Structures are given as C-alpha cells and as structure tokens.
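Dear colleague,

Please find the structure below, together with a short account of what was computed from it.

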Amino acid sequence: MAGLRRRLWLLAGIALVAAIVVMIVAPPQAAEAGGLGLLSLYSLARMFAAYLIALVFAIAYGTTAATNKKAATVMLPLLDVLQSIPILAFFPAVLFFFVNTFNGSPIGLEISVVVLVFTSMAWNMAFGVYEAITTIPQDLEDAAAEFGVTGWLRFRRLMFPAAVPKLVYNSILSWTNGWFFLVASEVFTAFGRTYTRPGIGSFIAAAGIRGDSGSIALGLAALVVVVLAVDALVWRPLSGWADAFRLDVPRGEMVRAPRPYERLRWIPRFPGMWHRITRPVRPLLRVYDHASFRLEHAYTRHPTVPRTLRRVDLAMFLVVFVIVVGAGLVGLAGLFLHPPAEAGELPAAVVFSFARLLLAYGLALAWTIPVAAYVGRSAHAARIVTPVLEVFASVPATALLPVILGFAIAATARQELGLQLASVLIALFSMQWYLLFNLIGGVRSIPGDLSEAARVFGLRGLTYWRRVLLPAIVPSFLTGSITAWGAGWNALIVSEYFPSVQSTPLTGLGGLLDKATFLTGVTGDNQLLLFTIFTMIFVVFAMNKLLWHPLLKRAFLRYRVEAQ
Amino acid sequence: MTRKHVLVRVKDISRSYFENGKEFKALEHIQFDLYDQDFMCIVGPSGCGKSTLLRIIVGLDRPTSGEVLFEGKPIEAKNPQVAMVFQSFALFPWLTVEQNVEIGLEARHVPPDVRGQKAKKYIEAVGLTGFENAFPRELSGGMKQRVGLARALATDPLLLCMDEPFSSLDALTAQNLRDEILELWSDPDLPPRAVLMVTHSIEEAVYLADRVLVLSGRPGRQVAELEIDLPRPRNRREPEFYGWVDDIYSLIV
C-alpha cells in the first residue's frame, strides 16, 4: 500500500514535469498565474463548504427516510428524481434567485456555486445512509431494542456507525462529482451575461478562451495536485477509519486492529482532545437525551399520545403531498397547453444526444473491459497502472474541456465534425472512469478459489472469459453503467455548446438547455428550459426503470458471487 | 414440590404470519410458567417457532393472541429486568468489549464510572480480563459469546434469555461455555434469578435445564413439560441421562 502511494506521488510528479515542459514551451500569459495557490484554496473552500452541507443533509435525510416508513414513501421517490435530474440545467434558476436576492453582490454568486456543488454531492450520500441503515442486521436491531438503546443513543451507537462505511465510500464519489460541477460553475454564462468567480476552474476556462496552453497546463497541474493532496490527507485516512465500522469482513481478509480516529494522523493529537472538543456540546446532547427519554416514556405510558401524534403526522404528510402533486400538475398542464416554439425539436434532440452518449459508452466499454480484466487480475499490473489511472481520473472532464476542444478541432478537417467529436469525447471522459473503476472492482471480487478452480480445469482464453470473467463482472458492469450514463446525461449541457468557438449549439438536449439559458435574453426561456428538463428526466427515468433496474435485479439473482 | 414465585407467565400464546392473505401458523396455544430459580430449556425441531416464542417472551415480537406477564405485568421490549444472549452474538462491531458490555447501562443513563466498574466485574466473571479494549472482530467465537453473556449479566436482569447461544460455536468451545454458565448460575451473588434458553439440541437441554419444554414442529405446539431431576454435575454417559434424551427424542418424532 505504501509503495502504491509512493508511485502515485511519482506519477503526480511526472504530470507536473510534463506541465512544466508545456509551460516552458508556451509560457503562461495569465496575469493571475502567480496567485494560483490562492485560487486553488478558493475552489477548495467552496468544495468543503458544499461537502459539509451535503454531509449534514445526507445524514438527516437518510436517517429520517430509514426510520420513518411514511416519510420514506415520499422521500425515496423524490431522491430518485433528484438523482436523475441534470443538475446544471437548474443552475441558471439558482443563479438568478441568489444573484437577485443579494442584489448582484459576489455573495450571491458564491452561494449559487456552493448550492450547485451541493446538489451534485448530496443525493448519492443520502442514499448511502438510507441503504446502510435499512440493511442493519436484524440481530443488531434486536440487541439494541432489547437493551433499551433508543433515541439519541440509538443514533450514536447503532445507526450512525452502521452508516459510516457507505457514507465515506459515497463521499469520495460525491467529491469527485463535485469537482466536475465546481469547475463548470466558476464560469457561467446565463441571461446574456458571464458570471465568474476566482478559482481554479475559471482560471483554466479563461486560459482556454485565450488559447494560452501554458496557463491550461499550469491550471491542470495545480488541479491534479489539489485533488491528490485531498485524497491523501482526507479520503485515504477516512477510508481506513471507516473500515472499523464495517459489518461484513470478508473471510480471509486480514483483520487489522481498528482504532477509530487514530488514522487521521496529520491532525495533531493530545490526550483528551476529543473529550475537550465535544465538551461544549455535551450538555446539549444530555438535554436531547433526556427529552427523547421522556418522550419515549410518554409514548409507552399513554396509549393515546402516539395516536394523536400519528394523526398529526399523517395530516402533515397529506398536506405536503397535495401541495407537491398539485404544483407539479399545474406546472405540467401549463407547459403542455403552451408549448414553446422549439418543442418540435425535442425528438431529434433526444435522438442526437442519445446517439452521442451511446457512442461514448461504446468507446468507454471497448477500452475499459480489457484494461479492467488485465489490471484486476494481476497485482503487478495493478501496482503500476492504478496510480496512472487515478491521476487521469482525478481531472474532471470540465477542466479538460479546452484541451479536448483544441484537440478535436485540430484533428478533424471540418469544424462541424470537430465539434461533434469534442462532444463525444467530453461525454467519454465523463463516463469512462465510473465504468473502469467499477469493472476493476468486479474483476477483483472474483474469489480466489473460483480462479483456482478455473485454472485447475484448464479454462483459458475465450472459455475463461465466457465462463468466469464476464459473468462475474456483470453486476459491477451494470452499476458502473448506471453511474456512467448518469454522468453522461449531466455532461450534455457542457458538451453540446462551446461558446468560445460556435454561436449555435449542437442539436441535442444539452444544446436546447443551453439555448434556453444562455442565448435568450435576460430572463431566459423558462418554457423551453422546463420542457427540456422534463424530457430529459423522462428519458433518464425510463432508461433506469425499464432497462437498468430490471437488469440489475436479474444480475444479482444470477451472477452475484457470494463471498465464501 | 412447592414453588416460590411465578416470574413469567405465558398465557395461551399463538403466533401467525400472513403472506399473500394466507395464514401461516408458527405457534399454537403455548402456555407455561417460569418460576424463581428456574433454569428452563425450550427444545424442538428446527422451524417449530421456538425462537419466535423467545422473542415474544422478551417483547421483541407480539403474539397474535395470548399474552406474556412478567411479575404480573404485560411484557415490553425495553424491560430492564430481562436480558438476552443472541445466537449470532449481535455485538456492535464498532464498540470495544467494554463499550459493548456497557451498552445496556448506557441506555439506562447510569453514570460512566459506575458503568465502568460493573463492566469490569462482569468481564472478569466471564474470563475476558485484558480484552476490555479489543473489538469484537479481534475475538474468537467463544470469546464473542462471553462478551454477549457479560453484556446481558451487566444489566442485573431477573430473567436471562438465551437464543441458541452455543449453536455458532465449535463443539469444544460450546461445552466449556456450558459449564461456565452452570458455574455462574450456581453463584448466588450473580444475577439472574431465572434462565430461559432455546436450543435444538436435546442433549444440551438435558445437560443444563431443571425443566424442559418440548415443542413439536410446524406449527409449534407444546408437547410436554418435563422436570429433569438429575443431580448436578450431570454425566452424559449415565443411563439416566440417556433415558431423558431418548424420552424427549421420542416425544418430538
């Protein structure tokens, strides 16, 4: 493990050297190049702000949905919808709201950026918490109930610890996702204006518009360093910490002594530190404890109390439900009664966008399956290749946009063709890593005895692929595909319109969204925006419900390899 | 024999499950009393609902009809005078041995220093001194079940319920633990005042119990309530011992 990390840093070093070479050949022209460290910190601060909000939200939302069945009937479908919505499409609305609320001051812009990044992080973390809590083994639930562990103590001792592994794992995914949207949102054109916040994303974007390759290299290098540093200082220690909370330790895995907190070694520690840090809040917790204890007692002692509460509960649920459904129906009716002029372009847009994503998906599969099969089976290959892939994957596709665009235009004869190629490439870069890392995980999860059995019976080459490898990776292939397509849909809005080189967007859903937000005056074309968003949600939802989920269900019945 | 005091009264309990509108009977008309100083085993073939019965008695599940009285009052899950040992140990993997043992006390808002003392006492009683700060996954199965036992005893229960506590252990460890439980049981200074244990092993029941409740399979019906009057320590090789085992075996089959 230590060796792997050393190689990772080595590679980061090589990436840096490459960046320096580019910078010597084409010196950065940006005036703010010297302040790039500070710009990175700005970006990082936005990321952490958004992450902390997402964390609190995820824990509250996930816990509530997992413990309150009635609430869950609304909260889960809502989360499902939120997860499938192309987040960037809502950005103009968010921007509009906050900029107006704060009278155009930078605070409004900052808040909208943080809100956008938050929406890219929160849903999958909330799902993680929900899943983890609902899959707590019955015997642990029983033990908690039997020993009177209720209220706050139950959250602290049972639900939160059980959620930690999934929460940390999903946090890492969310964090990566967050970079993608942060970079995209630091420069944003909407309502005929361009809004810019100082940061690493806007630095790269500005360099791209100027064609300043030295600055692009500098910005990308800084981004890689920041991403890897956060990974080394925050996520790897946290993953180690989270291992102590895992409920299932696969047999044969080394049991290491889990020592909570000790893994965040870079935080200076002194005896009693956690005790001292938590002291100010402890009276509050005790008050909460006491209140929940008393409430429990009231619940058990007076049979009428729960009934009244249940009625209030139900009434509130109904009110919210009616409001949500009513608003949705009114909105939809308005939309379909007065469709925007461009409504006729929607079918073609769906077909074109889908075709681009399908092409990108095919390209991604073509290289990720063989690479995953190779890397997943050879420890030696994994040690060398994984760090390379991690460095590449750490760069969000939005930051690579200037590079990809430049390459695509240079590589093709006609600009029209170049833009199409760039669009597919950006989709590819948004989708491929999810597939790759899921597939590698799938290949790794093939149990040792199964591989040995295959070797003993002489399964080799094509037979091995057909009988062992491909069936074993079906579940992770499907999970990877779902995430990859989600990322692909989300990337459409940045991949179908390049304001720096073209005036009309490409045909596609993303293009239509861009048309609705960037190109139509000060207020934007809300009708077209909503119509396109609804279409996109419909397509994504249909694909999830009709294709992926049934496949996943079947795959889990047939292809799941049990840990033995 | 005159009995002192009825601790638990199980009154005509039935439990059904409903699936697709079809009724599935798990337990039918179970009725017995558990007395002070009683060590009782519930035996039956797998699927006879004996674990369900235990879950109902501790209040984790509700009967379809009938009721369970604990000291004359209806039972509830958080009754602090009943403690439970689980077949799968059900230890919290993220808590240390000591924290696991303290969990029932923590739930009752016992101050930390008192908790610590109690936990130490019972960790010592089950022979795990030195492992206070270990995590469950660092322990063997037998040690885990000792933690489960200490956790149950630490709450000073009047009634200790055990659901197949030795089924996940290897034969040797299980036998050691059985003897240790008998030793703890014979110590008058230690709780509980009565033990109710579910097992599928007839031999185990005859080895441990004062009384055995025999259930038949699907739906669980009460076949017999037997008093095992063998002197302790019991010897598995004696003909009387085998007489009891054979009797119970013929009742089930």
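Two strands are taken to pair if DSSP finds at least two bridges between them; helices (H or I, at least four residues) and strands (E, at least two) are DSSP runs, numbered from the N terminus. In chain B, strand β1 (residues 6-19) and strand β2 (residues 22-35) run antiparallel and are joined by 10 bridges. The hairpin of β1(B) and β2(B) has 2 residues between the strands, and B:Asn20 there adopts a positive phi near 50 degrees. Along this pair, B:Val8 lies opposite B:Leu34 of β2(B).

As to conventions, this is a predicted model, in which local features need pLDDT of at least 70 and side-chain atom pairs count only at pLDDT 80 or more, while totals for chains, interfaces and linings use all residues. Residues are numbered from 1 along each chain as its sequence is written, and chains are lettered from A and ligands numbered from 1 in the order in which they are written.

Strand β2(B) also pairs with strand β10 (residues 220-227) of chain B; these two run parallel, with 2 bridges. B:Leu27 has B:Gly220 in β10(B) as its bridge partner.

Chain B as a whole contains 7 helices and 10 strands. Its radius of gyration is 18 Å, close to the 18 Å given by the globule rule for 253 residues, so chain B is as compact as a globular protein of that length. (The radius is taken over C-alpha atoms, and the rule is 2.2 Å times the number of residues to the power 0.38.) Along the principal axes, the C-alpha atoms of chain B fill a box of roughly 50 × 50 × 40 Å.

Turning to the contact between the chains, chain A contributes 20 residues and chain B 23 residues, where contact requires C-beta atoms, placed from the backbone, to lie within 7 Å. On the side of chain A that touches chain B, α6 (138-146) and α7 (151-185) of chain A each supply at least two residues. Helix α6(A) gives the most, with 6 residues.

Within chain A, helix α13 (residues 346-377) and helix α16 (residues 415-444) pack at an angle of about 30 degrees, their axes 7 Å apart. Axes are lines fitted to C-alpha atoms, for helices over the stretch in contact, and angles run from 0 to 180 degrees between N-to-C directions. The helices α13(A) and α16(A) are therefore roughly parallel to each other (angles under 35 degrees).

Yours sincerely

Methods. Angles under 35 degrees count as roughly parallel, over 145 as roughly antiparallel, 65 to 115 as roughly perpendicular and the rest as oblique. Two residues are in contact if their C-beta atoms, placed from the backbone, lie within 7 Å.
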